[in-house]
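This briefing covers selected features of one structure, grouped by topic. The sequence and model come next.

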Amino acid sequence: MEIGIVGLPNVGKTTLFNALSKAQAQVGLYPFTTVDSNVGVVDVPDERLEKIASIIKPSKVIPAKIKFVDIAGLVEGASKGEGLGNQFLGHIRNVDGIIHLVRCFGENIPSVGKAKAIENVSIINLEIMTADLQIIEKRFEKAEKQAKAKDKEAIAELALLKKAKELLEKGTYLATAGLSEEEKTGLNGIGIISVKPVILVANVSEADESQEACFEELKNSSESLSMPVLKVVAKLEAELKDLSPEEAKEFLDSFGMSESSLNGVIAKTYEILGLITFYTVLSDEVRAWPVEKGTKAPGAAGKIHTDMEKGFIKAEVINEKELAAAGSMHEAKEEG
């Protein structure tokens with residue numbers, strides 16, 4: 001699963017990417033510092049995995065992972081090709097979910113001046129929705145012709161295209177429109193971006209009091225947008241990546257923070273992607289596996305190896321809390 005980090009130029013996308021992935025991608029104070037997308041794989045923080053590992057004491061502990069993609073800044077007119085817009089919109093089409101980063105500190109924001117946070121969000125959303133309408137309109141004529149020939153798949157697609165077109169023309173972002181999972185899958189399959197789940201993330205500065213007004217503006221607007229809103233100090237978080245756990249804790253303490261704000265961002269991305277975790281336990285390895293909610297045991301087994309799904313018979317399963325209460329896998333089996 002992939003999460004794309006999007007936003008206007010110079011809002012801190014690459015800084016956040018570096019903090020998440022512990023990478024060293026180039027950061028600059030000018031538009032389009034990032035042209036080609038940066039990609040990094042990030043471990044998902046997991047207290048349950050840590051508890052299981054403390055019981056089993058394996059030599060290897062392997063967490064679930066999410067891939068993050070740092071996508072270059074979109075600008076007004078991107079849907080018409082402005083600022084290499086077509087290339088960047090193409091990168092967004094390939095991800096499964098979106099972190100929409102909004103800069104909430106300082107006034108010197110190239111290309112947007114003193115625009116308010118929610119106006120910045122609207123610029124990106126409008127460009128995405130406009131690009132989606134272009135895709136729908138291109139497919140519409142072909143679907144209409146095939147539907148007239150009584151093609152059942154074309155009839156279903158045409159109905160979906162009409163519904164999506166009406167919503168977009170009303171200014172409704174499709175991820176917030178209450179579409180069914182089947183409808184979302186169908187639209188995602190033809191490259192519609194606005195159907196992908198989104199998290200709004202306010203990039204704040206620990207030294208800027210005006211950040212709270214910006215963050216509150218996003219939170220107050222989030223109900224109408226139906227998008228979760230989080231807050232990070234991307235620059236501070238990027239500084240943590242080179243510190244030891246002890247140094248990082250001391251650094252966070254100095255700013256009155258009990259833990260990295262990135263943990264909340266990663267957890268929320270896991271949530272919007274509709275993922276849950278199951279664990280496999282061997283004598284020398286404990287591993288976390290991400291699967292979509294509703295996946296049955298054979299499908300989960302297929303995540304480990306496709307042959308396991310094909311030849312699935314049964315699985316021995318134990319709840320993490322029951323394992324902790326028993327004290328070991330052996331004791332848990334003895335207790336039935």
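In helix α11 (residues 297-304), the buried residues are Ala300, Ala301 and Gly302. Buried means under 20% relative accessible area, exposed means over 50%, and partly exposed is in between (1.4 Å probe, protein chains only). The cover over these buried residues includes β8, β9 and α12 (306-310); contact is counted for heavy atoms within 4.5 Å. Helices (H or I, at least four residues) and strands (E, at least two) are DSSP runs, numbered from the N terminus.

This is a predicted model, in which local features need pLDDT of at least 70 and side-chain atom pairs count only at pLDDT 80 or more, while totals for chains, interfaces and linings use all residues. Residues are numbered from 1 along each chain as its sequence is written, and side-chain values use heavy atoms, with hydrogens and water left out.

**Aromatic pair**

- The structure holds one aromatic pair, formed by Phe278 and Trp289, which are stacked at 6.3 Å centre to centre with 15° between the planes.
- Rings of Phe, Tyr and Trp (its six-membered ring) pair if their centres lie within 6.5 Å; planes under 30 degrees apart count as stacked, over 60 as edge-to-face and the rest as tilted.
- Phe278 sits in strand β8 (residues 275-281) and Trp289 in strand β9 (residues 285-292), 11 residues apart, and the pair links these distant parts of the chain.
- Trp289 counts as buried because its relative accessibility is 15%.

**Nonpolar core**

- The largest nonpolar core has 91 residues, and the members that touch the most others are Leu16, Phe68, Ile92, Leu174, Leu187 and Leu218.
- Helix α4 (residues 117-148) gives the most to this core, with 14 residues.
- This core lies between domain 1 (2-275) and domain 2 (276-335), because both give residues to it; the domain bounds come from an automatic or database domain assignment.
- A nonpolar core is a set of buried Ala, Val, Leu, Ile, Met, Phe, Trp, Tyr and Cys residues joined through side-chain atoms within 4.5 Å.
- Not counting residues up to four places away in sequence, Leu174 touches Ala164, Leu167, Leu168, Leu179, Leu187, Ile192, Ser194 and Val195.

- Asn10 is not a glycine, yet has a positive phi of about 65°.
- Asn10 lies in the loop between β1 (2-6) and α1 (13-21), and counts as buried because its relative accessibility is 13%.
- Lys57, also a residue other than glycine, has a positive phi near 55°.
- Lys57 lies in the loop between α2 (47-56) and β3 (60-62), and counts as exposed because its relative accessibility is 63%.
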